[in-house]
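This briefing groups selected computed features of one protein chain by topic. Please keep the structure in view while reading the points that follow.

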Amino acid sequence: MIDTTAPLTFRPADDTDLTTLVRLHDGAARWMQQHGIDQWKPGQKDGAHFARRIREGEVWLAELEGRAVGAYELWWEDEGAWGVQPPVAGYVHRLMTDRQNAPAGLGRALLAAAESRIAESGRGLARLDCVSHNPRLRTYYEAAGYRVTGENAAKEAPGGAPSYAVTLLEKELLRPV
(Lines give C-alpha, C1' and ligand atoms only; values in the text may rest on other atoms or scores of the structure.)
Protein backbone atom coordinates (compact mmCIF):
# COMPACT_ATOMS: atom_id res chain seq x y z
CA MET A 1 0.00 0.00 0.00
CA ILE A 2 1.31 3.42 -0.93
CA ASP A 3 1.51 6.08 1.77
CA THR A 4 -0.63 8.81 0.19
CA THR A 5 0.72 11.32 2.70
CA ALA A 6 4.27 10.87 1.35
CA PRO A 7 5.65 13.71 -0.79
CA LEU A 8 4.56 13.73 -4.41
CA THR A 9 7.42 14.12 -6.89
CA PHE A 10 7.40 14.89 -10.60
CA ARG A 11 9.90 13.81 -13.20
CA PRO A 12 10.10 13.72 -17.00
CA ALA A 13 9.15 10.34 -18.41
CA ASP A 14 11.53 8.49 -20.71
CA ASP A 15 11.40 5.40 -22.88
CA THR A 16 11.76 3.12 -19.83
CA ASP A 17 8.35 4.41 -18.65
CA LEU A 18 6.28 3.43 -21.70
CA THR A 19 4.62 0.42 -20.04
CA THR A 20 3.76 2.56 -17.01
CA LEU A 21 2.22 5.27 -19.19
CA VAL A 22 0.11 2.72 -21.07
CA ARG A 23 -1.00 1.26 -17.71
CA LEU A 24 -2.02 4.69 -16.43
CA HIS A 25 -3.90 5.50 -19.64
CA ASP A 26 -5.73 2.17 -19.76
CA GLY A 27 -6.63 2.42 -16.07
CA ALA A 28 -8.05 5.89 -16.58
CA ALA A 29 -9.93 4.69 -19.68
CA ARG A 30 -11.47 1.77 -17.75
CA TRP A 31 -12.51 4.14 -14.96
CA MET A 32 -14.20 6.42 -17.52
CA GLN A 33 -16.08 3.51 -19.06
CA GLN A 34 -17.21 2.29 -15.61
CA HIS A 35 -18.59 5.77 -14.92
CA GLY A 36 -20.43 6.14 -18.22
CA ILE A 37 -17.93 8.58 -19.75
CA ASP A 38 -17.49 7.93 -23.46
CA GLN A 39 -14.03 9.31 -24.08
CA TRP A 40 -10.90 7.16 -23.76
CA LYS A 41 -10.76 3.45 -24.58
CA PRO A 42 -8.34 0.87 -23.13
CA GLY A 43 -5.70 0.03 -25.74
CA GLN A 44 -6.24 3.33 -27.57
CA LYS A 45 -2.74 4.66 -26.72
CA ASP A 46 0.24 2.33 -26.91
CA GLY A 47 3.92 2.66 -26.07
CA ALA A 48 4.64 4.09 -29.53
CA HIS A 49 2.23 6.95 -28.84
CA PHE A 50 3.97 7.86 -25.59
CA ALA A 51 7.45 7.45 -27.13
CA ARG A 52 6.43 9.93 -29.83
CA ARG A 53 5.03 12.37 -27.25
CA ILE A 54 8.29 12.14 -25.26
CA ARG A 55 10.29 12.93 -28.42
CA GLU A 56 8.00 15.73 -29.67
CA GLY A 57 7.10 17.38 -26.38
CA GLU A 58 7.16 16.41 -22.76
CA VAL A 59 5.54 13.69 -20.69
CA TRP A 60 5.69 13.97 -16.92
CA LEU A 61 5.13 11.35 -14.22
CA ALA A 62 3.90 11.97 -10.69
CA GLU A 63 5.30 9.51 -8.18
CA LEU A 64 4.63 8.55 -4.59
CA GLU A 65 7.26 6.40 -2.90
CA GLY A 66 8.75 5.57 -6.31
CA ARG A 67 5.45 4.40 -7.86
CA ALA A 68 3.84 6.30 -10.72
CA VAL A 69 0.39 7.52 -9.67
CA GLY A 70 -0.28 10.00 -12.47
CA ALA A 71 1.03 11.58 -15.63
CA TYR A 72 0.35 14.25 -18.20
CA GLU A 73 1.56 15.27 -21.64
CA LEU A 74 2.77 18.81 -22.30
CA TRP A 75 2.81 20.02 -25.89
CA TRP A 76 4.24 23.30 -27.15
CA GLU A 77 1.77 23.58 -30.03
CA ASP A 78 -1.60 22.03 -30.79
CA GLU A 79 -2.73 22.89 -34.30
CA GLY A 80 -5.28 20.06 -34.31
CA ALA A 81 -7.40 21.75 -31.65
CA TRP A 82 -6.23 25.37 -31.61
CA GLY A 83 -4.98 26.01 -35.14
CA VAL A 84 -1.74 27.88 -35.76
CA GLN A 85 -0.98 30.04 -32.72
CA PRO A 86 1.90 32.27 -31.62
CA PRO A 87 4.21 30.58 -29.05
CA VAL A 88 2.46 31.97 -25.97
CA ALA A 89 1.00 28.79 -24.45
CA GLY A 90 1.66 25.24 -23.36
CA TYR A 91 -1.00 22.61 -24.07
CA VAL A 92 -1.90 20.05 -21.42
CA HIS A 93 -3.05 16.65 -22.66
CA ARG A 94 -3.85 13.23 -21.24
CA LEU A 95 -4.09 14.07 -17.55
CA MET A 96 -4.08 10.56 -16.04
CA THR A 97 -4.36 9.36 -12.45
CA ASP A 98 -4.11 5.91 -10.90
CA ARG A 99 -7.49 5.76 -9.15
CA GLN A 100 -6.33 2.90 -6.89
CA ASN A 101 -3.20 4.56 -5.49
CA ALA A 102 -3.39 8.29 -6.15
CA PRO A 103 -4.02 10.70 -3.31
CA ALA A 104 -7.06 12.98 -3.38
CA GLY A 105 -6.35 16.12 -5.35
CA LEU A 106 -3.77 14.54 -7.66
CA GLY A 107 -5.50 15.87 -10.78
CA ARG A 108 -5.15 19.43 -9.51
CA ALA A 109 -1.53 18.75 -8.54
CA LEU A 110 -0.84 17.52 -12.08
CA LEU A 111 -2.44 20.65 -13.54
CA ALA A 112 -0.43 22.87 -11.18
CA ALA A 113 2.81 21.11 -12.16
CA ALA A 114 2.01 21.55 -15.87
CA GLU A 115 1.13 25.20 -15.33
CA SER A 116 4.37 25.78 -13.44
CA ARG A 117 6.38 24.14 -16.22
CA ILE A 118 4.64 26.30 -18.83
CA ALA A 119 5.28 29.50 -16.85
CA GLU A 120 8.94 28.52 -16.33
CA SER A 121 9.26 28.24 -20.12
CA GLY A 122 8.26 31.91 -20.38
CA ARG A 123 4.78 31.26 -21.78
CA GLY A 124 1.81 32.92 -20.10
CA LEU A 125 -1.09 30.61 -20.94
CA ALA A 126 -1.99 27.02 -20.14
CA ARG A 127 -4.42 25.60 -22.69
CA LEU A 128 -6.32 22.37 -22.96
CA ASP A 129 -9.31 20.93 -24.69
CA CYS A 130 -11.94 18.47 -23.58
CA VAL A 131 -14.56 16.63 -25.56
CA SER A 132 -17.67 18.77 -25.78
CA HIS A 133 -19.96 15.96 -24.62
CA ASN A 134 -18.25 15.73 -21.22
CA PRO A 135 -19.68 18.59 -19.13
CA ARG A 136 -18.29 17.05 -15.92
CA LEU A 137 -14.73 17.45 -17.22
CA ARG A 138 -15.40 20.98 -18.42
CA THR A 139 -16.73 21.89 -14.96
CA TYR A 140 -13.62 20.36 -13.37
CA TYR A 141 -11.31 22.52 -15.50
CA GLU A 142 -13.39 25.66 -14.93
CA ALA A 143 -13.19 25.06 -11.16
CA ALA A 144 -9.39 24.89 -11.59
CA GLY A 145 -9.38 28.41 -13.06
CA TYR A 146 -9.69 27.67 -16.78
CA ARG A 147 -12.11 29.66 -18.90
CA VAL A 148 -13.82 28.58 -22.08
CA THR A 149 -12.44 30.41 -25.10
CA GLY A 150 -14.31 28.57 -27.85
CA GLU A 151 -15.28 25.35 -29.52
CA ASN A 152 -13.69 23.32 -32.28
CA ALA A 153 -16.49 21.33 -33.87
CA ALA A 154 -14.13 19.12 -35.87
CA LYS A 155 -10.87 18.38 -34.09
CA GLU A 156 -8.89 15.97 -36.23
CA ALA A 157 -8.49 12.56 -34.66
CA PRO A 158 -5.24 10.65 -35.17
CA GLY A 159 -5.03 7.64 -37.43
CA GLY A 160 -7.92 8.60 -39.68
CA ALA A 161 -10.55 8.25 -36.94
CA PRO A 162 -13.60 10.54 -37.24
CA SER A 163 -13.18 14.12 -36.05
CA TYR A 164 -14.92 15.17 -32.84
CA ALA A 165 -16.04 18.36 -31.07
CA VAL A 166 -13.94 19.84 -28.26
CA THR A 167 -14.29 22.76 -25.89
CA LEU A 168 -11.18 24.97 -25.77
CA LEU A 169 -10.11 26.27 -22.36
CA GLU A 170 -7.21 28.39 -21.16
CA LYS A 171 -5.78 29.84 -17.97
CA GLU A 172 -3.57 32.87 -17.64
CA LEU A 173 -0.42 32.08 -15.69
CA LEU A 174 1.81 34.20 -13.53
CA ARG A 175 5.30 34.13 -14.96
CA PRO A 176 8.18 33.65 -12.57
CA VAL A 177 10.24 36.76 -11.83
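Two residues are in contact when heavy atoms of the two lie within 4.5 Å. The model is predicted. In that sense of contact, and with neighbours within four places in sequence left aside, N134 is in contact with I37 and Q39.

**N134 and its loop**

- N134 belongs to the loop that runs between β5 (125–131) and α5 (135–143).
- Is N134 buried or exposed? N134 is buried because its relative accessibility of 9% falls under the 20% cut-off.
- The side chain of N134 makes a polar contact of 2.9 Å with the side chain of Q39.
- The N134 side chain also reaches the backbone nitrogen of L137, at 3.0 Å.

**Aromatic rings and charges over them**

- A pair of aromatic rings is described by the distance of the centres and the angle of the planes.
- Three aromatic pairs are counted when the ring centres must lie within 6.5 Å.
- One of them joins Y141 and Y146, with 6.1 Å from centre to centre and 65° between the planes. This pair is edge-to-face because its angle is over 60 degrees.
- Y141 has a relative accessible area of 8% and is therefore classed as buried. Y146, at 3% relative accessibility, likewise counts as buried.
- Y140, Y141 and Y146 are linked into a cluster by ring pairs.
- Which charged end sits over the ring of Y140? That of R108 does, 5.1 Å from the ring centre.
- The charged end of R99 sits over the ring of W31, at 3.7 Å from the centre of that ring.

**Helix α2**

- In helix α2 (residues 47–56), the buried residues are H49, F50, A51, R53 and I54.
- The cover over these buried residues includes α1 (18–34) as well as the strands β2 (58–64), β3 (67–75) and β4 (89–97).
- At the start of α2, a side-chain oxygen of D46 comes to within 3.2 Å of the backbone nitrogen of A48.

**Second largest pocket and helix α1**

- The second largest pocket holds about 220 Å³ of space.
- Which element gives the largest share of the lining of this pocket? Helix α1 does, with seven residues.
- The lining includes W31 and R99, the two residues that form the charge-over-ring arrangement at 3.7 Å.
- A28 is among the lining residues and has its place in helix α1.
- With a relative accessible area of 8%, A28 is buried, because the value is under 20%.
- Not counting residues up to four places away in sequence, A28 touches W40 and T97; T97 is also one of the residues that line the pocket.
- Between the C-alpha atoms of A28 and L174 the separation is 30 Å, and the two residues are 146 residues apart along the chain.

**R117 in helix α4**

- R117 lies in helix α4, which covers residues 106–120.
- R117 is partly exposed, because its relative accessible area of 23% lies between the cut-offs of 20% and 50%.
- Which residues does R117 contact when neighbours within four places in sequence are left aside? They are E58, W60, Y72, L74 and W76.
- R117 and G27 are 25 Å apart from C-alpha to C-alpha, and 90 residues apart in sequence. G27 is among the residues lining the second largest pocket.

Technical notes. Residues are numbered from 1 along each chain as its sequence is written. This is a predicted model: local features need pLDDT of at least 70, side-chain atom pairs count only at pLDDT 80 or more; totals for chains, interfaces and linings use all residues. Side-chain values use heavy atoms; hydrogens and water are left out. Rings of Phe, Tyr and Trp (its six-membered ring) pair if their centres lie within 6.5 Å; planes under 30 degrees apart count as stacked, over 60 as edge-to-face and the rest as tilted. Buried means under 20% relative accessible area, exposed over 50%, partly exposed in between (1.4 Å probe, protein chains only). A charge sits over a ring if NZ of Lys or CZ of Arg is within 6 Å of the ring centre and within 35 degrees of the ring normal. Helices (H or I, at least four residues) and strands (E, at least two) are DSSP runs, numbered from the N terminus. A polar contact is a pair of N or O atoms within 3.5 Å; within protein, one must be able to donate a hydrogen and the other to accept it, and residues adjacent in sequence count only if both atoms are side-chain atoms. On a 1 Å grid over the protein atoms alone, a cavity is a set of points where a 1.4 Å probe fits but cannot get out, and a pocket is an open set with protein on both sides within 12 Å along at least five of seven lines; lining residues have an atom within 4 Å of a point. Grid points are joined across faces, edges and corners, and a volume is the space filled by probe spheres set on the points.
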